[in-house]
Amino acid sequence: MRYHNDTIRRQNRLLDEASAICLLREGEYGFLAMQAEQGGGYGLPLHYVWNGKDSIYLHCAPEGRKLRCLDLCDRITFCIVGRTQLVPHQFSTEYESILLTGTARTILDTEEKMKALELIVDKYASRHKEKGMKYAASSVSGLTILRLDISEWSGKCRPASKPADNN
């Protein structure tokens, strides 16, 4: 998983890698973009969890448009947006975001599916881990886990502006 910002047009807006890793770990959801079945693009917001290495996991139903699209083309982009704040007087927005590119894989192995579900429970329902893992064990056969293997990623931000010095 290569972090690089070489192709970002606004080089003054680069998000440092440590901040990007924090956003990857703690972001609430991301937007999965892929090729549509009939051409064009298709995207949707999804919860995700990072495995701490070079992949993120998503869970979904065992059938549907997303899986049909990925069957046609497994290359994806996944965008995670962190903190945002409108700055009306500057006609702008403060933000942080990362963009992941890679390949989607459908996970069929129950052991990896359960590991992914445990990561998801830890991230989104850690206070209810025991109940969450029971639920995961009872539903694992009826869901699909996608592993997005990240080949490269980049990050951008527009940090808060410093107040004008009125002296």
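Modeller: What follows sets each value against its definition.

Modeller: This is a predicted model, where local features need pLDDT of at least 70, side-chain atom pairs count only at pLDDT 80 or more, and totals for chains, interfaces and linings use all residues. Residues are numbered from 1 along each chain as its sequence is written, and side-chain values use heavy atoms, with hydrogens and water left out.

Colleague: What makes residues 49-50 a strand?

Modeller: A strand is a DSSP run of E with at least two residues, a helix a run of H or I with at least four, both numbered from the N terminus. Residues 49-50 form strand 4, so the run meets the strand cut-off. The chain has four helices and eight strands, in the order β-α-β-β-β-β-α-β-β-α-α-β.

Colleague: Why are strand 6 and strand 7 called paired?

Modeller: Pairing requires that DSSP finds at least two bridges between two strands. Strand 6 (residues 75-87) and strand 7 (residues 92-107) share 11 bridges, so they pair. They run antiparallel.

Colleague: What makes strand 2 and strand 6 a pair?

Modeller: Four bridges, in the antiparallel sense. Leu 32 has Phe 78 as its bridge partner.

Colleague: What share of the chain is called buried?

Modeller: Buried means under 20% relative accessible area, exposed over 50%, partly exposed in between (1.4 Å probe, protein chains only). Of the 167 residues, 38% count as buried.

How values were computed. pLDDT is the predictor's confidence in each residue, from 0 to 100.
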